[in-house]
Amino acid sequence: MQKSLKLWRTFKEGLTNFRRNGWLSFATISILSLSLFILAMAFLITVGTREIVRNLETKINITVSFNPDVIEEKILSVKEKLGHFREISSVEYISRDAALSDFLEQSGDDPVIRQAIDEIGENPLLASLVIRANDQGDYEKIAKVLSESEYKTDISRINYEKNKRIFERLNKINAASKKIGLIFGLVFALIAVLITFNTVRITIYSHRQEFEIMRLVGASNLYVRMPFVFEGILYGLFASVFTLVGLGIATWFMAGMTTGAFPQGNLFNLYLSELPFLSLGVLVIGVGLGVISSFIAIRRYLKI
Amino acid sequence: MPGKDRKPIVRFEDVSKIYPGNIVALEKVSFEIEPGEFISLVGISGAGKSTLLKMIYAEETPSEGEVYFKERSVKSINRKHLPFYRRNIGSIFQDFKLLPQKTAFENVAYALEVDGKSAAEIKNEVTEILDIVGLSGKEKKFPRELSGGEQQRVAVARALIHHPKIICADEPTGNLDPVATQEIFDLLLEINSYGTTIIVATHKKEVVDLLNRRVITLSDGRVTHDQNKSKYILKV
C-alpha cells in the first residue's frame, strides 16, 4: 500500500516536473525526436533499398528454349522434374503458339511482321520454360545443371549469359545496401544515444541542487530518482509520437518522387506498411533511451 | 533550563574532520547538547560551524572521534536508514534550500510525502504548520514569489513538519534584513519553548547577545568558549 502510494506520488511528481519545466522538456523532446527521426529514416531507407532490389529480383528469370522438334510432352516432363528442385520457385511453360501470340501482341499486331511470318509458313518461335529461382545466386547453378543434363541436345539455348551481368550488379547493390544500411544505422544509433544522453544529463544537471535538498528532508534515493525516470518515459513517449508524425509527413512529401519504386507503391506506402514495426521500435528505443539516460545521469548526484 | 540528569541529545567526542590536502575543518571537538537547549554556534567563516552541523545530520562523517545522537553513533547508521534518521532532524540553511518548482505547500508536503503519509494527513499537518510560521494564504506561492523572510519561514515549516527532536540552522538569517532576522529568531525561540532543541550557526552578534543563551565559539576548528547565558565574545 505504502509502496504503491509512493510510486503514484513519484509518478505525479514526474508529471508535474515535466509540465512546470515546459521549455526544458520541449527542448529534450525535440532533440530526442531528431535522433529517433534519423534512426527511423535510416531504417526506412535500408528497408526501401531492400524492397527495390527484391522488386527487381522478381522480374528476373532464365529462359530455356527447346529445339523445334522437341515435343510438348517432353518439355512438360522437364518442367515437372525442375519443379522438384528446392532452389526453383516456379517454372512456366510457354508453348510455341503462346510465344507467337505474345510476340504478336507485343509488336502491336504490326501487319508487316504478320506478313513476314505468313511468308515463312511456320511458327519461327521456340517453346520455352521460364524458370524463377528462390535465390538469384542459384541461377548460375540451374543454368549449368540444365546445360549438362540429358536434355542438353534438346535445348536450343539458355539465356543465362545475357542476364548474368544484371544478376551480378543486383547482387552487388543488395550486399552494399545491407552493409551501408548497417553502418549508417549503427553510426546514427550511436549519435542518437550520445545526443540524448547528454541532453538528459544537462536536464538533470539543472536539478542537481534539488537532489541534495530532497535527500536532506528524508527522501530515499529511489524516491528522488523515480520522478526523473517517469520524466524519461514521458520524453520517450512524446518524442516517439513526434517522430512517427514527422516521418509520416516527410514520406508523404516524398511519395510523388518514389512512385512505383517499391512493391508497396511509394515511400509513404512503405512507411504505412512498416508502421507497426516502426512504432514499436521507435517507442522502445525512445522510452529506453529516456529512462536509461535519466537513470545514469542522476546516479552521480545520489552519492553518500 | 534542562535538567542535568537528562541524557544529551547530541554528543561530540573528540571529533576531527580533515579534508583532503590536510585541511583541518574541526580539531578534537567535544561538547554535549541537552534536550531543550537553544545554542548559538559562533565563529568566523571557515571556523568549522557548517561542518559541525553537517555531522549532526550525517551529511559529513568525522575523520576521527564520534558523533552520537541520543547515545547512538551517527557513523554506525546504515546508508539505507539515513533518510529515516534525517527525519529526526530539521535543517535550515542560509540559502533556504527550497525546491524551486514547488509551491510553499508542496515544499513542506514533500517531507511528509517521502514518509508515505496519506493525502488527508498531509493537508491537515501542512496547513497547520504554515499557519504557525505565519504563511497562511501563501500556500500556492512559488519560492520566487516570496520574500527572503517568507522563504525562510517555509524552510522552518518544512524543518518542523516531522516534529524533530533537534533543529540545525546554518546561518538561517544570513540573507535576511534585520526585521526578517528578528522574526526568524522569534520563531525559533517559540519552537524552542515547546521543547525542540535548537542549534544555530550565526554571525549576528546583536541577536546572539539578545538571546542570552548558551554560546559555543569555534575558532580554527576548535571550541574556544562554551558558556551558558553568554554573549557574542568573538573578536574579529
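**Notebook: two chains, A and B**

I began with Asp14(B): it has 12 C-beta neighbours inside 10 Å, so it counts as exposed. (My cut-offs: with C-beta atoms placed from the backbone, a residue is buried if 20 or more other C-beta atoms lie within 10 Å of its own, exposed if 12 or fewer, and partly exposed in between.) Asp14(B) sits in strand β1 (residues 10-19) of chain B. Its phi is near 50°, a positive value in a residue other than glycine.

**Ground rules**

I'm looking at a predicted model, where local features need pLDDT of at least 70, side-chain atom pairs count only at pLDDT 80 or more, and totals for chains, interfaces and linings use all residues. Residues are numbered from 1 along each chain as its sequence is written, while chains are lettered from A and ligands numbered from 1 in the order in which they are written.

I noted the scores too: ipTM is 0.76 and pTM is 0.70. For chain B the mean pLDDT (the predictor's confidence in each residue, from 0 to 100) is 89, and 95% of its residues reach 70 or more.

**The 4-stranded sheet of chain B**

I followed β1(B) into its sheet. This is an open sheet of 4 strands in the order β2-β1-β4-β5, with antiparallel pairing. (Two strands pair if DSSP finds at least two bridges between them.) At the edges I found β2 (23-33) and β5 (72-73) of chain B, each pairing on one side only. Between β1(B) and β2(B) there are 7 bridges, in the antiparallel sense. I looked up one of the partners: Ile18(B) bridges to Val24(B) in β2(B). Helix α1 (residues 49-56) of chain B packs on this sheet, touching β1, β2 and β4 (64-69) of chain B, and its direction makes about 55° with that of β2(B). (Touching means contact, with C-beta atoms, placed from the backbone, within 7 Å; axes are lines fitted to C-alpha atoms, for helices over the stretch in contact, and angles run from 0 to 180 degrees between N-to-C directions.)

**The 6-stranded sheet of chain B**

Next I traced the 6 strands that form an open sheet in the order β6-β7-β8-β3-β9-β10, with mixed pairing.

I checked both ends. β6(B) runs parallel to strand β7 (residues 166-170) of chain B, joined by 5 bridges, and Ser91(B) has Cys168(B) as its bridge partner in β7(B). Helix α6 (residues 178-193) of chain B packs on the sheet, touching β3 (38-42), β7 and β8 (197-202) of chain B, at about 155° to the direction of β8(B).

At the other end, strand β9 (residues 214-219) of chain B and β10(B) run antiparallel over 5 bridges. The hairpin has 2 residues between the strands, and Asp220(B) takes a positive phi near 50°.

I also looked at His163(B), in the loop between α5 (148-160) and β7 of chain B. Its phi is positive as well, near 50°, in a residue other than glycine. I have it down as partly exposed, with 13 other C-beta atoms within 10 Å.

I listed 10 helices and 4 strands for chain A. Of its 304 residues, 28% are buried.

I stopped at helix α8 (residues 208-216) of chain A, where Phe211(A), Ile213(A), Met214(A), Arg215(A) and Leu216(A) are buried. What do these buried residues pack against? I found α9 (221-254) of chain A, together with α2 (82-86) and β6 of chain B. Just after α8(A), Gly218(A) takes a positive phi of about 100°.

In total I see 15 residues of chain B in contact with 15 residues of chain A. On chain B's side, α2 and α3 (104-113) each supply at least two residues, and α3(B) gives the most, with 3 residues. That side divides into 6 nonpolar, 3 polar and 6 charged residues. (Ala, Val, Leu, Ile, Met, Phe, Trp, Tyr, Cys and Pro count as nonpolar, Asp, Glu, Lys and Arg as charged, and the others, Gly among them, as polar.)

Key: Two residues are in contact if their C-beta atoms, placed from the backbone, lie within 7 Å.
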